[in-house]
Amino acid sequence: MLPGLSRAYDRLIAALAVAAGVAIAIVCIAIAIDVVMASSGLRPPVWVGAVTEYILLYLTLLAAPWLVRQKGHVTISGLRNLMAPTARRILEKAAYVLAIAVSLLLAWFGAVLTWESLVIGDLDIRSFEFPRWLVYLPMPIGLTLVAVEFARLLVRGESLHDEPPAEGL
């Protein structure tokens, strides 16, 4: 069962990354249409700004676990390169533990905000009404998955510096 669960989890991470990629394309198209319409003297859709903001939040938080997996996050290697190998490993493990703790803490607060907004029926009103809990929803999901990815690196003893960052999706 565990290998099946692991494959399902891997597919989830990949699917979220693909969804984020599609979201980027949607934002680009929507902004291009907005600019062309405004430049042509036509009235652009009023929802483009708000939807773009929502999509940027979603794509950032849903692609983040994949980015950790691909070792594509920005890292500062200057200090690390000056350290002895044992000190490097200790520092890296401490950084993973800190990343896991911060991710889970932020995920917890995101979950609380999501739940409270759902319970009270709070709305985010811009160019249209949008349930505020949907604004907060990607936070607990994405940040929990980021914590899982850092935990996998920690448990496997992998380094973000073992290989160069992966290119592309």
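Biologist: How high is the average pLDDT of the protein?

Modeller: The protein averages a pLDDT of 88, and 93% of the residues score at least 70. pLDDT is the predictor's confidence in each residue, from 0 to 100. This is a predicted model, where local features need pLDDT of at least 70, side-chain atom pairs count only at pLDDT 80 or more, and totals for chains, interfaces and linings use all residues. Residues are numbered from 1 along each chain as its sequence is written, and side-chain values use heavy atoms, with hydrogens and water left out.

Biologist: Where is confidence lowest, and where is it highest?

Modeller: Confidence is lowest in helix H3 (residues 78-82), at a mean of 77, and highest in H6, at 95. Helices here are DSSP runs (H or I, at least four residues), numbered from the N terminus.

Biologist: Why is Val119 called exposed?

Modeller: Exposed means over 50% relative accessible area, buried under 20%, and partly exposed in between (1.4 Å probe, protein chains only). Val119 has 54% relative accessibility, so Val119 counts as exposed. Val119 is found in helix H4 (residues 85-120).

Biologist: What makes up the largest nonpolar core?

Modeller: Nine residues do: Ala64, Val68, Tyr96, Ile100, Val146, Ala147, Phe150, Leu153 and Leu160. A nonpolar core is a set of buried Ala, Val, Leu, Ile, Met, Phe, Trp, Tyr and Cys residues joined through side-chain atoms within 4.5 Å. Helix H2 (48-69), H4 and helix H6 (138-156) each give two or more residues to this core, with the largest share, four residues, coming from H6.

Biologist: Which residues belong to the second core?

Modeller: That separate core has seven residues, including Ile13, Ala17, Leu62 and Trp66.
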